[in-house]
Amino acid sequence: MNYEIVTLKEKIVVGTGARTGNNDPDCVKIIGGLWQKFMGDGIWESIKNKANAYCIGLYSDYDETSYDVTVGCEVMENGNPELTEKRIVAGQYAVFSVKGDVVKDVADAWEKIWAMPLDRSFSGDFEEYLSNNNGVADIKIYIALK
């Protein structure tokens, strides 16, 4: 799977979140539920100071078995203190481009990424959904590097 290395400035993400892990039997349900809540309960529409029109799925605060998942969007400043706020740290990221089904193709891409010998920092990885037309999307997956 091909990727490019980019350097990002810090980003602020605001949305809704939960804690889970890849070995959690409810992991897919938890992440899917966050997306459903974000899009279906009007959270997307309520977010102030959006930096762009992209949705973000952020994975952060890793430990040996779990991580925080935040479904939200990038903001210039947090105008929604009632929502979860996370920071994507400035630094180098491996960026993978995916075009396809927002569930199946994204999951397949993650399986390939996990198998790659990337020098990951685990400071925060994220998916940026650039477009979504009836479940078929252009997505960039960013993996934080050391």
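How many aromatic pairs does the structure hold? The structure holds twelve, where rings of Phe, Tyr and Trp (its six-membered ring) pair if their centres lie within 6.5 Å, with planes under 30 degrees apart counted as stacked, over 60 as edge-to-face and the rest as tilted. The model is predicted, so local features need pLDDT of at least 70 and side-chain atom pairs count only at pLDDT 80 or more, while totals for chains, interfaces and linings use all residues. Residues are numbered from 1 along each chain as its sequence is written, and side-chain values use heavy atoms, with hydrogens and water left out.

**View 1. Aromatic pair of Tyr-59 and Tyr-67.** The two rings are edge-to-face, at 5.8 Å centre to centre and 80° between the planes. Both Tyr-59 and Tyr-67 are buried (under 20% relative accessible area; exposed is over 50%, partly exposed in between; 1.4 Å probe, protein chains only). They belong to one aromatic cluster together with Tyr-62, Trp-110, Trp-114 and Phe-122.

**View 2. Aromatic pair of Trp-110 and Trp-114.** The ring centres are 5.9 Å apart and the planes are at 35°, so the pair is tilted. Trp-110 and Trp-114 are four residues apart in helix 3 (residues 104-114), which separates them by about one helical turn; helices (H or I, at least four residues) are DSSP runs, numbered from the N terminus. Trp-110 is buried at 7% relative accessible area, whereas Trp-114 is partly exposed at 43%.

**View 3. Lys-50 over the ring of Trp-44.** The charged end of Lys-50 sits 4.2 Å from the ring centre of Trp-44. A charge sits over a ring if NZ of Lys or CZ of Arg is within 6 Å of the ring centre and within 35 degrees of the ring normal.

**View 4. Salt bridge of Lys-104 and Asp-108.** A salt bridge is a side-chain nitrogen of Lys or Arg within 4 Å of a carboxyl oxygen of Asp or Glu, and the count comes to eleven. The closest N and O atoms of Lys-104 and Asp-108 are 2.7 Å apart. Both residues lie in helix 3, four residues apart, about one turn of the helix. Asp-108 is partly exposed, at 30% relative accessibility.

**View 5. Salt bridge of Glu-85 and Arg-87.** The closest N and O atoms are 3.1 Å apart. Glu-85 is partly exposed at 33% relative accessibility, and Arg-87 is also partly exposed, at 40%.

**View 6. Salt bridge of Asp-125 and Arg-120.** The N to O distance is 2.4 Å, and both residues are buried.

Conventions. Helices (H or I, at least four residues) and strands (E, at least two) are DSSP runs, numbered from the N terminus.
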